[in-house]
Amino acid sequence: STLLRLISTAFPRTSSEAPPFVQRKTASVIGLFTFPDDNATPPSMIFVKKTARGRHGGQVAFPGGLAEPGESPLETCLREMEEEIGIARDSVEVVGQLPLARTLSTSITVTAFLGVWRHFNPSTPLLVDKAEIESVYSLPFPYLCDPSCVTFNALLEVDGTPPPGWK
């Protein structure tokens, strides 16, 4: 599809190795796109809300988590996706990678990938790990791209500009 070509052009897969100066803790996440087979349901993105436990408790995020020893960033995000929400790694096509980022609160270096969940069916139940994940959201693109759905709640200001969020 045109959207997938744009994503893979804008965010090409690059080396997933973290630079040596950021080798403390590493994590990986996957921004997961869905394109339902029925052509009636709009494309969407998958988000998870973490349970209340842990440093990131209650946060809404992409599926993912900390790397295990010897694991590549791509292996980490696919393993975490399977563990957290039960989506088989062989049903996801990784189409891009975002630049490395570092969390402000924990200084963890995060590699973010973009993927497409092939043959997505909105009525298929997910095998959610309730110890880690409180809920899973599928947010339709029209909602994510609608300026009237964006709100600015200043949780942390960077250069005087509050981060965007969705209503």
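A residue is called buried when its relative accessible area is under 20%, exposed when over 50%, and partly exposed in between (1.4 Å probe, protein chains only). By that criterion C77 is buried, at a relative accessible area of 0%, whereas C145 is exposed, at 62% relative accessibility. The structure holds 0 disulfides, a disulfide being a pair of cysteine sulfur atoms within 2.5 Å.

The model is predicted: local features need pLDDT of at least 70 and side-chain atom pairs count only at pLDDT 80 or more, while totals for chains, interfaces and linings use all residues. Residues are numbered from 1 along each chain as its sequence is written, and side-chain values use heavy atoms, with hydrogens and water left out.

A nonpolar core is a set of buried Ala, Val, Leu, Ile, Met, Phe, Trp, Tyr and Cys residues joined through side-chain atoms within 4.5 Å. The largest one has 16 residues, of which I30, L32, L78, M81 and I87 touch the most other members. At least two residues each come from β1 (26-34), β2 (44-50), α2 (73-85), β5 (92-97) and β7 (109-117); helices (H or I, at least four residues) and strands (E, at least two) are DSSP runs, numbered from the N terminus. The most, 5 residues, come from α2. Apart from this core lies another, of 8 residues, including M45, F47, V95 and L144.

P63 sits in the loop between β3 (60-61) and β4 (64-66) and is buried, with a relative accessible area of 0%. Leaving out residues up to four places away in sequence, P63 has contacts with S28, V29, I30, I46, V48, M81, E84 and I85, where contact means heavy atoms within 4.5 Å.
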